[in-house]
Amino acid sequence: MSIDAPTFNHEDFISDRSKGRKVSYFWENVPHVENPHPALIQLVGGLPNHGFFPVESASVELRDKPFSENPATTFEIEVDPSDPTKIGIRDAFQYNDDEGLGPLREQIRDIVKRVVKPISSDWDVLCTHGGLDGIMKVFDVIINPGDVVLFEEFTFTPVLSFLEEKGGVAIPIKLEKCFSSTPGLDYADELTNLLENWSTIHPDLPKPKLLYTIPNGHNPLGLAQSLETKKRIYDLATKYNFMILEDEPYAYLNFTKYDEEPNFNLSNDEFLSTIVPSYLTLDKVGRVIRTETFSKVYSPGLRLGFNVINKAFFKNFIISSQVSSRAPSGYSQIFVNNTINQLGGVEGWIHWITQVRNEYLKRKNAFVNTLKKSKAHEKGYLTVIDPDCGMFVSVIINVQNHKLFTGDNFDEIMDLFYISAVQSGFLAVLGRNMSVDKEFSKERSNFIRCAISYASSPDVLVEAAERLSTSLLKLFDQA
C-alpha cells in the first residue's frame, strides 16, 4: 500500500507536561571534585542498610499448573544471591531504579524478543505498577489537554478516567462486525471513514493523536484482531500520523473454537504460533507502545507490568515514574523474576502460561457449549460470541425478539433482563456500561460480558450458563 504520509517525529508526540518537567534531587548541583577519595563513606541518600530489613530469607513453593494442590518445586529467596539473574532481598527490599530492577528487565526483554518479536531494534522495557499504570504513563507522556484518543466503542472503561484526568478527549470507533454472524475485531473500514471525514464528523476537534486498542482478547468482546486488519490500521496510523497504544493483558490466553478438538499439549513453538502477531511486528519508527501485565498469568495483587517503548520516549517515561509512582514494588519484582528463573527462564515461563491458557480454554468451552445447547439459544433469545482469547465471553441478548421491543428501547429490555437474571441467580456486566459513549453505542449494547476467571471450576460455569438460559426463558416466554 502506497501512503503519502508525514514523517514520524517522536518529539511531536510528547506532551507539553512531559517536555516541561524538571526533576530536582538534593544530591545534585554540587561542586566538581577533581580527586575524590577512592573509598567514600556515603552519607547522602536515606537508604536503610539491609540489616534493618526483617526478612532474612524466604521459601517459595510453585505449582506446576493452575489448581494443582501439590508444589512441584521450591526455591529460596536469599539476601544476596551469587546468581546475577536472580534478585536478592538486599536489592528487592531497597529503593531501586524507577524503570525496574536489572535482572527482571533482562528477563522481560528476553520474553519480548521470543514472544512479541518487534521488527525494530530501537526499543526497551519499563516496569510499571501493572497494566493500568502503564496506560496512565502513556497518557501522561503523550496527551495534552484537548488531544483526541480513539477507542473501540466498547472498552475497559476505567481507562477513560485516566484520559479525562489528563484532559484528553475519547472518540469511539463503531464495531459493527463484532456483532455479525461471523464476528471479528475488524473496524478498518469504519476507522477509514471516520478519518476521511473527520472535519465533518468532528469539526471542533483536532485530528487523533493516539489509538487505544485491546486487540487480542478484547475486553469486553473477547475477539482478536487479525494481522491483516492490524496492517490496515497501522497504515491508517501512518497516513494520518497517530500513535497506537496496544494494551495486551489477555493475548496469551488464546483459544480454539468451542466445536474444535482442543490440544492441551502444545509445545512452546506451537503455542506461540497461535498468537496473533503484535503491532510491534509492523512498526519500524516507534509509533506503537505496548503495555502488558503479570496480573492475568501470575497475580493481580503484585501490581506489576511493563511497557515496550521506543527508546526516543524512554527518558520521558522514566521522569513520569519519578514524579508519580516511582519504582514498582521490589517484593513483586523478586517474586516474578525468581519464579521465571526457577521455571528455567523464558521457555519455562511460556510453558506456565500455556498451562494457564489450557485452564481458561476448558472454562470457555464449558460455558459456550452449555449456552449453545440451551433452550434460550434454541429459541433465538441469545447469541454467543465465541471468544478468540481472554477472560470473557460476551452474550448478545436478542431484544428484538421480545414482545415489548419497539425498535429503540434497548435499555428497557436489558433492564428487564438484568432483573430476571439476578432473580435466577446469574450476574454479569451490561454491555452499555462498557461503552465509551452510551448514546453512540445504544443499538449495539444489548449484550453482557461474562467473566470466566473467578469461578472455582468449569462446573460452576455450566451452572451459570443454565441459569442464564432460565432467566431468558422467563423474560421472553412470560412477556
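Let me begin with a definition: two strands pair if DSSP finds at least two bridges between them, and strands themselves (E, at least two residues), like helices (H or I, at least four), are DSSP runs numbered from the N terminus. What we have here is a predicted model, in which local features need pLDDT of at least 70 and side-chain atom pairs count only at pLDDT 80 or more, while totals for chains, interfaces and linings use all residues. Residues are numbered from 1 along each chain as its sequence is written, and side-chain values use heavy atoms, with hydrogens and water left out.

I will start with the sheet, which is open and has four strands in the order E10-E11-E13-E12, paired antiparallel. E10 and strand E12 (429-430) stand at the edges with a single partner strand each, so one side of each is left without a neighbour in the sheet. Two bridges join E12 to E13, and Val429 has Arg449 in E13 as its bridge partner.

Turning to helix H15, residues 458-477, its 20 residues reach 28 Å from first C-alpha to last, close to the 28 Å expected at 1.5 Å a residue, where the expected span is 1.5 Å times one less than the number of residues. Its buried residues (under 20% relative accessible area, 1.4 Å probe, protein chains only) include Leu461, Leu468 and Phe476.

What do the buried residues of H15 pack against? Among their partners are helix H12 (346-372), helix H14 (410-423) and strand E13 (447-451), contact meaning heavy atoms within 4.5 Å.

Note on methods:
Buried < 20%, exposed > 50% of the residue type's maximum accessible area, 1.4 Å probe, protein only.
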